[in-house]
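Hi everyone, thanks for coming. Let me put the model up on the screen, and then I'll walk you through its charged pairs.

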Amino acid sequence: MSKFSLPLFSFRNPQVLGFILYFLAGFADGLMVPFFPLWAQHTAAIPVGLIGLLFGCYAGGELIAAPFIGGIADRIGRRPVLVLSATGVGLGFIALYFSHGVIEAAWVLLVIGIFESVLHPTIYTLIADVTAASEHRHQFSIARVCSYAGGIAGPLLGAVIVQSSLGDVFMASGIALLCGAVLLILCLPETREHGDEPDDEEEDEGFAALMPAFRDRRLAILLFWTLLLGVSGSWVEAILPLYAHNQLGMSNTDVGLLFTFGAVLNTFGQITLTKMFSRRSPLFIVLSAGLTLILAFGVLLTSPHILALVVAVCFYSLSQMMVGPLMPAAVNQLAPVRLRATYMAALSVVSDLRDSVGPATGTALFAVAFSLPWMIGIPVVAIAALGLGISLSSRRKSSVQTSE
């Protein structure tokens with residue numbers, strides 16, 4: 001019996017379980033994210049300008065926890081971290097269903113974020129543990145496809161669930177992740193090798209050891225431009241439900257279908273697009289992603305119609321497909337094997353900042369004028385894409401020179 005053989009199932013490639021968990025996480029997010037702003041506005045009676053701050057509590061918990069526990073999978077293993085994370089997030093969503101009042105909901109969202117802070121970076125680490133470096137971009141693309149597939153099923157089910165109550169999407173999200181936790185308990189082997197453990201000196205470094213961006217200048221620069229691009233891009237996802245509902249009069253169900261359409265594009269286009277760009281330079285890929293996102297902003301700025309929303313979602317999805325798999329692969333190339341989860345956690349911190357700062361700034365700008373996020377977003381995306389592309393190109397040239 002091999003080390004990956006288990007009583008109920010035998011997975012030769014443990015990353016399959018990572019793909020399944022990514023699907024369930026995408027499913028849960030797809031259930032919640034499109035309807036959360038509407039729940040906050042209509043059920044919790046929160047002013048539009050403050051919805052992003054409440055939404056930011058979800059990412060805020062991740063942001064608080066990730067610097068301290070984000071790399072814990074390098075110390076105690078991938079399996080226990082993923083099991084505890086999926087369980088905590090699932091129970092948190094169920095608790096949110098029973099929450100009353102803004103303050104209570106904010107605290108529950110904060111706790112959910114703490115448990116989720118290790119979910120995605122550890123899944124990426126699991127995949128990187130068992131696949132060759134040359135396959136990482138392709139494998140991360142598959143993971144994103146699984147997430148997008150969940151993003152299709154989530155809004156579709158959510159569009160049905162919200163007919164009775166907007167809050168029911170939280171219960172469904174929680175149940176999905178608890179099912180994922182049970183699957184991990186039954187089937188997931190440990191992929192961290194004993195030799196991957198950090199030495200005592202690194203463990204004594206505490207916070208700095210868990211935040212390699214403070215020590216690795218190359219990573220810090222890479223993450224800065226990633227954050228700037230991510231914050232501006234997140235405005236599309238955070239503001240679109242409010243924009244569609246308030247300015248164009250779309251129903252809750254229509255908003256869910258719009259997000260489902262975007263998930264369908266990503267699901268069927270991600271791997272094909274990754275193959276198409278496999279021979280392109282990082283600079284070309286990032287600049288193409290930035291230009292596509294600028295086109296999305298331009299359409300929203302100049303054409304306030306439902307068709308414009310569909311076109312903008314297409315451009316936004318293309319942009320995400322271009323740059324999405326590139327970043328974890330780039331960060332993983334910088335990471336020492338024994339600190340793989342820690343470096344992925346640093347990338348996760350950027351995602352948490354994006355999910356916290358993005359909705360807060362985007363909805364605040366939207367409260368001033370519905371066109372303001374798109375006007376400001378265009379120059380910000382242009383600067384961020386250029387900076388990130390140059391940073392990735394410099395890192396690639398440095399790696400080639402080192403190997404020679």
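**Salt bridges and the overall fold**

Searching the whole structure turns up two salt bridges, where a salt bridge is a side-chain nitrogen of Lys or Arg within 4 Å of a carboxyl oxygen of Asp or Glu. Before we look at them, a word on the source: this is a predicted model, with local features needing pLDDT of at least 70 and side-chain atom pairs counted only at pLDDT 80 or more, while totals for chains, interfaces and linings use all residues. Residues are numbered from 1 along each chain as its sequence is written, and side-chain values use heavy atoms, leaving out hydrogens and water.

So, which residues are linked in a network of salt bridges? They are Asp-74, Arg-78 and Asp-129. Asp-74 pairs with Arg-78 at 3.2 Å, N to O. Asp-129 meets Arg-78 at 2.7 Å, again N to O.

Is Arg-78 buried or exposed? Buried, with a relative accessible area of 0%; the cut-off for buried is under 20% relative accessible area, using a 1.4 Å probe and protein chains only. Asp-74 is buried too.

Now let's zoom out. The chain has 18 helices and zero strands, taken as DSSP runs numbered from the N terminus (helices: H or I, at least four residues; strands: E, at least two). Of its 404 residues, 57% are buried.

Terms used
Buried means under 20% relative accessible area, exposed over 50%, partly exposed in between (1.4 Å probe, protein chains only).
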